[in-house]
Amino acid sequence: MNDFHELLVNRRSIRRYTSEPLTPEQVKLILEAGLLAPTSKSGRPWQFIAVEDKDMLERLAGCKPIAAQPIAGCALAVVVAVDQAKSDPWIEDASIAAAYMQLQAADLGLGSCWIQIRGRFTADEIPSDEYVQNLLGIPEEYPVVCILTFGHKDEERKSVDTSKLLWEKVHIGTWKNQE
């Protein structure tokens, strides 16, 4: 896409993917986008674990009972973990990097979905980040914020209707109470 606003309006969470793999160049560009993301004090506290193995993707989908199914069907999952000691706003740093990767995927015509891990639990009440850490050998001091799924879209979603944006949530200069 040549227009960033158009990319934002058209980027939607995609939960169903075809079986077509991503090219190495697509994977590189997605990961590079995360590495290019700004962080507080240039701390770069994130670590990205790229997973393409179908068996591991199936196992990762067990990280929570609801809404993790896209992991099993994607071509690539990127686990975003963070070194909390490197950055006070580690959640924000990880979130910005994840969003950059999703925007890069959209620019490549690929689908993506954010799967929330931090603060979630498996069906057996194991913390989801602990479950993912154990599966992938991530050290305990690197909590998992999210898993991003990527792949070729096997569903189409409508663009955002910009006429329905919540402009009443925008305040200019100072907070204005809604009357």
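Strand β3 (residues 111-116) is mostly covered, with five of its six residues buried; buried denotes a relative accessible area under 20%, exposed over 50%, and partly exposed the range in between, with a 1.4 Å probe and protein chains only. The model is predicted, so that local features require pLDDT of at least 70 and side-chain atom pairs count only at pLDDT 80 or more, whereas totals for chains, interfaces and linings use all residues. Residues are numbered from 1 along each chain as its sequence is written, and side-chain values use heavy atoms, with hydrogens and water left out. Helices (H or I, at least four residues) and strands (E, at least two) are DSSP runs, numbered from the N terminus.

β3 pairs with strand β4 (residues 144-151) in the antiparallel sense, over six bridges; pairing of two strands requires at least two DSSP bridges between them. Within this arrangement, Ile115 has Ile147 of β4 as its bridge partner. In a regular strand, side chains alternate between the two faces of the sheet.

Gln102 belongs to helix α5 (residues 90-107) and is buried, at a relative accessible area of 8%. Apart from neighbours within four places in sequence, Gln102 is in contact (heavy atoms within 4.5 Å) with Arg11, Ser112, Cys113, Trp114, Leu148 and Phe150. Gln133, located in helix α6, is likewise buried, with 8% relative accessibility. Its contacts, again leaving aside neighbours within four places in sequence, are Ile138, Pro139, Glu140, Tyr142, Pro143 and Val144. Gln133 and Ser95 are 38 residues apart in sequence, and their C-alpha atoms lie 18 Å apart in space.

One aromatic pair is present in the structure. The pair consists of Trp46 and Phe48 and is stacked, with 5.1 Å centre to centre and 20° between the planes. Rings of Phe, Tyr and Trp (its six-membered ring) are paired if their centres lie within 6.5 Å, and planes under 30 degrees apart count as stacked, over 60 as edge-to-face and the rest as tilted. Trp46 counts as buried at 6% relative accessibility, and Phe48 counts as buried at 19%.

Most residues other than glycine have a negative phi. Arg44, in the loop between α2 (24-36) and β1 (46-51), has a positive phi of about 45° although it is not a glycine. Arg44 is partly exposed, with a relative accessible area of 44%. Glu125 also has a positive phi, near 65°, and is placed in the loop between β3 and α6 (128-136). Glu125 is exposed, at a relative accessible area of 57%.

The largest pocket has a volume of about 170 Å³. A pocket is an open set of points on a 1 Å grid over the protein atoms alone, where a 1.4 Å probe fits, with protein on both sides within 12 Å along at least five of seven lines; lining residues have an atom within 4 Å of a point. Grid points are joined across faces, edges and corners, and the volume is the space filled by probe spheres set on the points. The lining comprises 15 residues, of which Asn10, Arg11, Arg12, Ile14 and Lys153 lie nearest the pocket centre. Four lining residues are nonpolar, five polar and six charged, where Ala, Val, Leu, Ile, Met, Phe, Trp, Tyr, Cys and Pro count as nonpolar, Asp, Glu, Lys and Arg as charged, and the others, Gly among them, as polar.
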